[in-house]
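The following questions and answers examine a predicted model. Please consult the sequence and coordinates while reading.

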Amino acid sequence: MTSSTIISGPGSVTAVPRLPAGFTDRFTSSLVDTGRVRLHVVTGGTGPALLLLAGWPQTWYAWRHVMPALAEHFTVIAAEPRGVGLSEKPDDGYDTGTLARDMVELMATLGHDRFTMVGHDIGMWTAYALAADHPNALQRIIVAEAAIPGLTPSAPIFSNGLVNSKLWHFGFNRLPALNELLVRGHEYEFFSEQFRTKSASPDALPEHAIREYVDAITRDSAGLHTSFEFYRALETTMEQNKERQLSPITIPVLAIGGAKGLGEGVGTTMRLAGTEVTTVIIENAGHYPAEENPKAMIEAVLNFRSKDLPC
């Protein structure tokens with residue numbers, strides 16, 4: 001196949017629910033062969049390159065509300081990493097060193113050797129790894145709503161109920177097999193609970209979005225397995241992060257926290273990793289600011305990148 005092939009069907013821009021008006025006129029879905037892995041991207045817009053990488057258990061669809069406005073200023077590339085959505089699902093390579101390399105090779109294949117990246121949740125893990133491992137690839141990074149394994153201090157085993165409700169999945173997702181056995185056939189119950197307990201209110205994410213994320217996992221027989229692989233690779237990722245922390249990143253960093261999510265904690269984490277960190281708190285949002293308050297998310301990104309935008 002060619003390096004980039006336009007695709008359609010479930011999971012692509014042609015067959016997901018309730019996109020903003022005119023979305024499919026501006027954005028296309030493609031499978032990009034980097035030479036190492038085939039990755040699904042949704043691209044559109046003109047201007048400097050902006051890579052969007054969502055977190056667990058989401059797909060490119062997490063960015064749907066912010067992409068049209070950002071595409072007025074950027075060439076927007078919303079990517080699905082290996083193991084997610086329509087991207088290839090290899091057996092290994094889910095540590096952040098490999099995931100970061102995937103993104104660099106993806107962007108180079110698309111003609112972008114230097115770019116800005118927005119990473120949410122485990123996409124933030126990859127953004128940090130990319131900034132540390134490939135310092136010449138990024139102009140700046142924007143990260144949202146995550147702690148970084150190996151940098152952020154671990155919560156105690158006997159945490160209070162609120163902390164436990166937010167973090168219990170880290171241990172569960174790392175299990176070698178029992179998690180798949182328990183969740184398979186109950187994917188909706190498991191994943192919908194994640195969304196409803198981590199957003200600002202239980203109905204902050206609409207049912208059609210939750211269904212789309214669950215469908216993205218269940219439509220491929222390997223999807224559930226690979227959704228846990230990011231967590232099973234945490235031991236490797238944490239060792240990598242200990243090495244990365246020895247050389248702090250120096251590019252500008254914007255740390256975004258939901259007011260009802262991690263809040264200032266995102267900035268606190270990134271100050272352990274970088275030397276130039278700005279924090280923005282998104283009001284009326286929990287763990288999913290790009291969906292819960294897209295207007296504020298757009299403003300944060302544009303304000304942070306304003307000095308790089310064409311006049």
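Q: With which residues is I141 in contact, leaving aside its neighbours within four places in sequence?
A: In general, nonpolar side chains in soluble globular proteins tend to be buried together. Once neighbours within four places in sequence are set aside, the contacts of I141 are M117, A127, A131, I249, I251, P252, V253, L254, M270 and F304.

Q: What is the strand order of the open sheet, and which strands stand at its edges?
A: The open sheet has 9 strands with mixed pairing, in the order β1-β2-β3-β5-β4-β6-β7-β8-β9. Two strands have a single partner each, so one side of each is left without a neighbour in the sheet. These edge strands are β1 (4–6) and β9 (277–282).

Q: What is the average twist of the sheet from one strand to the next, and what angle does helix α13 make with β7?
A: From one strand to the next, the twist averages 25°. Helix α13 (residues 294–305) packs on the sheet and touches β4, β6, β7, β8 and β9. Its direction makes an angle with that of β7 (138–144) of about 155°.

Q: Is S30 buried or exposed?
A: S30 lies in strand β2. Beyond residues up to four places away in sequence, S30 touches S4, T5, I6, I7, L39, H40 and V41. Its relative accessibility is 6%, under the 20% cut-off, and S30 therefore counts as buried.

Q: How are helices α5 and α9 oriented to each other, and which residues meet?
A: The axes of α5 (residues 161–173) and α9 (residues 223–232) come within 8 Å and cross at roughly 95°. The two helices are therefore roughly perpendicular to each other. By class, their contact has 4 nonpolar, 2 polar and 1 charged residues. The residues that meet are H169, F170, F172 and N173 in α5 with F228, Y231 and R232 in α9.

Conventions:
Residues are numbered from 1 along each chain as its sequence is written. This is a predicted model: local features need pLDDT of at least 70, side-chain atom pairs count only at pLDDT 80 or more; totals for chains, interfaces and linings use all residues. Side-chain values use heavy atoms; hydrogens and water are left out. Axes are lines fitted to C-alpha atoms, for helices over the stretch in contact, and angles run from 0 to 180 degrees between N-to-C directions. Helices (H or I, at least four residues) and strands (E, at least two) are DSSP runs, numbered from the N terminus. Angles under 35 degrees count as roughly parallel, over 145 as roughly antiparallel, 65 to 115 as roughly perpendicular and the rest as oblique. Contact means heavy atoms within 4.5 Å. Ala, Val, Leu, Ile, Met, Phe, Trp, Tyr, Cys and Pro count as nonpolar, Asp, Glu, Lys and Arg as charged, and the others, Gly among them, as polar. Two strands pair if DSSP finds at least two bridges between them. Buried means under 20% relative accessible area, exposed over 50%, partly exposed in between (1.4 Å probe, protein chains only).
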